[in-house]
Each structure stands twice: as structure tokens, then as C-alpha cells.
Amino acid sequence: MSATMWFESYWPGLKAEVGGKAASLGEMTGAGLPVPPGFAVTTAGYRAAHDGADLDATLGRLLHGLDVSDTGQVSRVCAQIRDIIRAMPLPADIETSIRTEYSTLSARCEINDLPVAVRSSATSEDSPDASFAGEHDTYLWVRGADAVVDAVRRCWASLFTDRATCYRVEMGYEHRTVEMAVVIQKMVRPISAGVAFTLNPSNGDRSQIAIDASWGFGESVVSGEVTPDNFLVDKVLLEVSKREISHKAHEYRLTDHDSVEKAGIDPERADAPCLTDRQIKAIALLAKTAEKHYGCPQDIEWAVDMDLPEGENVILLQARPETVWSKKPRQSVAGGADKNPMASIVSTLMNPLYARKDG
Amino acid sequence: MADRFPSPFDIETPEGAEGWQEMYVYPSLFSEARKDFEESMFWFQDGVHWPQVMTPWDATFFEFAITSLSQYNTRHLQVPPANGIAFRILNGYGYLTPVPADPATIEDRVANFMDRAGFYFMNWDDLYDKWMIKIRNLVQELESINFEPLPEIEDADEVVKSGAGLGSGYKIQENYRTLVDLSLKLWNYHFEFLNLGYAAYLDFFGFCKQAFPGIPDLAIAKMVAGVEVDLFRPDEELKRLARVALDSGVADAFTVKDVEQTCQILKGTDAGQAWIASFQESAEPWFNFSTGSGFYHQDKIWIENVEIPFDFINDYIIKLQAGEDLARPMEAIRAERDRVVGEYSELLASDEDREAFQAKLGLARVVFPYVENHNFYVEHWSHSVIWRKMRQLGEVFVKEGFWGEANDIFYLKRTEVEDALWDYYVSWATPEPAAGPGYWPGLVEKRKGICNALKKWKPVPALGAPPEIITEPFTVMLWGITSDSVTSWLGGGDAKEGELRGMAASPGLVEGPARVIFSPDQISEIQQGEILVAPLTAPSWAPIFGKILATVTDTGGMMSHAAIVCREYGLPAVTGTGFATSTITTGQRIRVDGNNGTVTIIE
């Protein structure tokens, strides 16, 4: 098992080595659901570092006879272990591997010192680690190989939070067998972002994909602060069938210091469509793929990333089941009266579609 | 915004066109005697089929076609809500109005329609096979007609001793009447199936729109459209001939770009002669193909203007040499059609819906080949033969001094041709000087002048008060006339400055320089990478679709022949914009949005 794995290379046999988070990202990438690109440092990477630094001995020494009821002692010992892990040297091949993959990712996005998110990825759903997944660390806007390697060690160190450590002691789990994978993933820097439904929310039409989009981060759309551009796309032909371009007065955008600020938009850009037709189609295809993958209508969040090349820059941020129309019983169109084809043709001629309100 | 169009009685005669009414038979004119009816109706100009001024004889097909349509709706099938379509000619252009059925009669009509139309749907394939035989026999009959100058004396054996008791003088009159009768028969045949085809299509269309309110019209058309369509066959034959020319090593003959020289070179080699034989095989019947709608005598026909197919073949040779694959990817087209059907079917709410969807799609597909193909057999093939025979007759009169050139015959009404023939017969029988040479040349000249004056008149799109909502299903489908288009003609609607709205007939979004052309003769002006803007397009323009980025037309609906062919070639198209050719000028940059049916002038 190698020390790293690109999301594209994931297959289910790797799940134990890359953890739940990376497995899910890998599965989505494989299903044509483009998540922000990245890779995982596998448990093999962790194990090699662990062994290289002879952590077994350190853990054995420091945790021997730990009294979990003594919070002061637990806190002191765990902090000491975490410090050791944060400072431990990595075997040269492991470190090189992380640095190489990071620089490949940077190159792919054509950015030096690409800002990434570094997150822990719990390795087994039923292991105690999973219970503390929320506590495992996440580092955002990490820039540069040194900082990435450092953040990886910090994630590893989060295996030894006070609570996780006590839990293992109480359950009788071996500290030296716990492992952790780490996900390193490009931070999304959106040109535009928004939501998409795999049906028309105004009438439940399942043949349409509705997209709301505005400039910058998706907050402005999700919160309803901005009237977004609205597009309806035919799900089968993937052609835009309706577009309404709105005045988008402000956006949430990145500052030079990797923080997000609310800013006005100059009038010309405010009234311009915030998506190209190609991007609209890519978002629609993404939504359609998610619906197919998860087997029910979806409500997704997406972004168009400014660093990725056209054609790869539409990113899925979140997918969840649509809840409004999905809960209603669906109306059949072929009512009993239409069984006779001639009767149906007569009724078509007598009540022409163009006379109907929605025609 | 105005709420109505001008009354037909308020339209002025263009300067120099005084007396134009004499060019047409009286029932085709708006008349004071039925003024109440004329003014109570909403008339729209049929630019889909008759975008130009009709010369007197050319009005024949206008009158025959619309009458046949009406007769099937009203007297044969009893289409429940729709009677026929009344037609008039105003300043040389054709205007139509759908006539609704009396609501009191609808119940009886429904019963009759279900019986009669039901029989056709049930026996469609058999009846369609019969139709094909009928139409081919009709073309043969037309072909067998010959107009030759009357002989000095009749043949002793054939005419006199055979005991026929009839001679060439009788025969030439009979031939003309037969030609006119066959023309009317042709148009009866044309509408035998057409409205039924549309009805089945509309039924499937309505079902799809109910299940998926937002489904694009185009998606529905795609599911129904045939893969092997006779209307595309002429273009396929051009590609085939280009390939044969390359494979047999005679392609160089086309580089001289002169038909006579090319033929000389071809005749010089066995391979070249074989190519010519192959061309002739394709030409009958497939190059009986008009560069226009087929409704005008002046539209060029490939088989009579060999430079047109030769130019297209040369274009295809160049493309093949550049490594392009011209073959229609039949498998891919079928696979795409199946995918589209499969995906919509899957999106339906229930198995019951899926069953109804498949049944309606099945019927629409049974009837649709007729909708797609009749155009070749009627407007192109049969009309081509009719125009040819008429020119032959015209030529006979030229020799007798009735007028100067064969095409002048089309400046006579069809009834007047009988008068001229009678004149010729009488003067031959006597013999004595015919009156015609002193009568017709002046009249033909006058009418040419009138037609030229009428050409300068831009027909108003409609006359009278529009109904609140356009409901007549065939009007919407065939002519693309909807409440929206009427509103935009009246100058209302939400259209923006520099933007035209029409039907989203074929999807895609492109920008490029416009090339505005007004007649089929100009299609050679079209350059690579331009956007074609025309009153309408004909199926025979298909070969230029490889050059252009998109198509914009003044007239036409989703099912206009132009729309069918545009979709086939995957070009964005906006049809039925009303004013594209008068608003856009050649060289302007325009944006064509075939998804939303808008055309924007950028600069």
C-alpha cells in the first residue's frame, strides 16, 4: 500500500486504508461527481511515520497506568503525546510523497502553494475513531508544502485527544493499533456558486434541472440575500430551456488574506449572466449524475472554481435529497379516459395545448 | 400597442401595380360582396410556403393546396373543431384564415372523425403503401404528357387510318386539362394523410407537455423523427456521388467549376462516363429537387440546373479530401433517439404513464414518415415535372409568337392558358392568323411590371383582428403562428430593442456575421462561418448547412420543412421571427439562441 492515494484512483478495496471521508470523495469522483480535487495520505503513510518515530515505545511509556478519572493527568499526557506527534520527523519517502503530490495538485491548478484543506479521515466506521470524527482536526487555507506536512501531523495528533484516548482505555483498545488517514483537498475559490435541484421546484417537473447562481461564494444564494440568475435545463437534452438574469448587487469573495468579505459588484458585472452555457450544462450534468447515483431527486450545492481549467471547474460541494416534491405522491398523466387512442386524439384537437395556460 | 391589424380593404395597391387583381381568379380576392366575412376574420400571410409574389399561374398550387386541406378537414374526416382554411391573395401574397366548426355540429363530427380517422390510423401502413403507388403513377402520368407544336398535317396511320377520330389539336388541349387535373389530384393526395399525421403527433406532443411542462418542443420532435428520411435522400446522393468521384479518380474534373467542361473531361474516360451514369441514376427522381419551396416556377430545380448539384458535389469532394466524414451516423442517431426516449420514459410518474407514452409515441412514429417524406414526392418531384411540362407548353407558344419566352406562360392564369390553347387550335385548324400574338405580349409585359411593383411591397404579416388566443392546432404547428408571435407582430410583447423572437426550432447558441438572402438564387453567396438569415429555407439547401453556423427565418413552425432539416444537421435555428430579413443586414454580428428562440443584433 502506498502512502498516498489520489481521489481518482480510489476503489472500494482501499476503504480501510484511506478512511471514510477519502473513500466518499473517491467514490464521488469515480461516479462523475467532481469534488474539489485532492488526495489522501493513507494509513500506510501514518503507519510508516508511526514506526519510523518508534511511537509504540513512546505511547507505551507515557500511557502506562493512565488513570482516566484524573482529568489533569489525562490532559497533560495527551498534550505531550500530541506535541511529540506534531514534531516527529517523517520517513524521507513518506514526506517526499506528500510534498510531490501536493506540488502536483498545485501544478494542476496552476497555482504555487495552492491553498488546501487538510482533514482527518477516520479509517473504520465501527471503530471508536468514528465516534470522534467530529473532533478530529480540520485545517483550512493551508498553503505550502511545509505547512501541509505540518497539518498532516496535526491531524494524526488528533488521534490523541483526551476523550479519544480515555475512550480507548475504557474499552480496552490498543493505542498503538489506531490509525488515521488524512485528506488533502483544494480549497474551492468560486467565481460563481449556487444550488441546483433535479426537478423544477415551481411545478415538480422531473425533466428539468433548476439552477440558482450568483457571483462569488454560495452564501448569497443560500441565504437569499441576492436574487440569483435562474436557469432551467432540460435533463435529457441538457439544453437550457429558460434563463432569467438578475441584478446581483453583491457577492461574498475572498480577500488576499484567505478570508471572506461581502462586497458590492460593479453594475455591468451585476447584470451579466454569472455562468457560461458550458458551465450551466456542466452543473446540470453534475446534478443529473448525483440524482442517478443516489437514486432520488437531489438538492445540490456547487461552485465554479476559478483555479481549475474550463471543463473541470464545476465542483460539487454538497448533495442531499430534495424534500418538497419528493414527498408528494406523483400524478399520473394517463387518466383512464385516455385509454382509447382516438378519444385521446379528439381531446387533443378539441382542447389544444396552446389554449392551456401553461402552454 | 395596436390591438388589430389593418383591414384587407385598407391595404393600398403599390405604385405601378394597379390592376393586379386581374392576375388572379375572382374567388381568391377579398371582395366587397362578402365584406362582413372578410373583416370578421384574422388573416395571416403564409410566408412558409409562399414568401414571394405569386405570378398568375403559380397561384394555382396555392389555390389547389389550401382547398384540398380544407376539404379533408371539413368534408372527408370532419376534424371536430376545425373546418378548412380560407385563402385570399392580396398584392400578390397569400393570406390564410382558419375557419372554426360550428360548435353545434361538434358532437356529430366527433363520431364521424373517430370512425374515419380511426380507420386511417388502424390501416395506416396499407393505405400509405397505396399512397406511394398512387403518387408514383401520378408522376408517370405527368411524365407521359408532351406538348409539341401542332403538325402541318396529321400522321396518316396513327391518326387518320387508326380510326381514332381525334387529332393533335384535341390532344394538346386534353393534355393541358390533364396536367391541371393531375395537379389538383396531387394536392388531394397530399392532404389525404397530412392532417392525420399532425393530429397523432399533437396527441403525443400534448401528453409529453402534460407530463413534463417544460419539455422542449425539440425533444418531442427528436423522439418521433425518422432516421431514414426520403427528404434527406437528395443530399445523401450528392455525398455518394462525391465519394464515387474520389474513389474512381475523376474528382479533378470538378475543379474547373464549369459544368460543360466538367462533363467534357468526364466523358473522356471510362471512369468519368461511369460517374455520369451514376449521376443520372441518382438524378431520377432525387434531383427533382427545388431550391425553393417548390411553389414557384422560377425556383431552380437541380436536375434542370446541373451546376447546382455539381457545385455541392464539389464542396463535398473538398470536404472528403480534407478528411471529413460525411456519412450520417445512422447508428449514433438511432442510439441518441433511443436514449432520449428511454430517459423521458424513466422520468414518468408510473408504469401506466409509460405504457401510454409508448403507445402514443408508437402511433406518432407510424404516421410521421409521411409528414417528413410527402414534401419530396409532392412539392419537389411532382411539381418539378409539372413546371417542366408547363415550360414545354410555354415554348410551343413562343414558336407561335404568343410571347417571348417559355416562362411567360406563368403570367397567364390557369384558365387563360385554356383560352390561348383554344386560340392556337382554331388558328391551326382554319388556318388563319392567331389573335394571341397581338394580345398576350402586351398583357405579359404589363403583368411582369405589376409583379415587379408588388415585389417591392413588404407584405403585412396579418390582417384583421386577432383572436384572443390562437388555438387552431395545425396553424400553430405548421405556420408557427401563436398568440406570442401575433403580439410581437403588433409591436407588443417583451421583445427588447435589437432582439427578435421566434420559435426555438433547433437548439444551440452561436454568434457570427449575418448573411441575409432573399431568394434561392443567392445561396451561392453564403460564406463559411456565416449565419443564414432568409425568409425561409428549403430542404434542398442542406448542403450549405455544412458551411453556416445557424439559421434564422422570417416564417415557419416547429414542423416546417426547414425546421426538420435544421435539426437533422444539428444547427441552431430560430424560425418564424417575422422580420429577420428586414431587420438584419448582411455583415452585422448577431447572436442566435436556438434554445430560447431569440436573435440579438450585437453590432
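**Figure 1. Strand β9 of chain B, covered on both faces.** In this predicted model, strand β9(B) (residues 550-553) has A550(B) and V552(B) on one side and T551(B) and T553(B) on the other, all of them buried, where buried denotes 20 or more other C-beta atoms, placed from the backbone, within 10 Å of the residue's own. Strands are DSSP runs of E of at least two residues and helices are runs of H or I of at least four, numbered from the N terminus. In a regular strand the side chains alternate between the two faces of the sheet. Local features need pLDDT of at least 70 and side-chain atom pairs count only at pLDDT 80 or more, whereas totals for chains, interfaces and linings use all residues. Residues are numbered from 1 along each chain as its sequence is written, and chains are lettered from A and ligands numbered from 1 in the order in which they are written.

**Figure 2. The strand neighbours of β9(B).** Strand β8(B) (residues 531-534) pairs with β9(B) in the parallel sense over 4 bridges, pairing requiring at least two DSSP bridges, and I531(B) stands opposite A550(B). Strand β10(B) (residues 573-575) also runs parallel to β9(B), joined by 2 bridges, with V574(B) as the bridge partner of V552(B).

**Figure 3. The contact between chains A and B.** The contact takes 34 residues from chain A and 45 residues from chain B, two residues being in contact if their C-beta atoms, placed from the backbone, lie within 7 Å. Among the elements that give two or more residues to the chain B side are α3 (106-122) and α6 (168-211), and α6(B) gives the most, with 10 residues.

How values were computed: A residue is buried if 20 or more other C-beta atoms lie within 10 Å of its own, exposed if 12 or fewer, and partly exposed in between; C-beta atoms are placed from the backbone.
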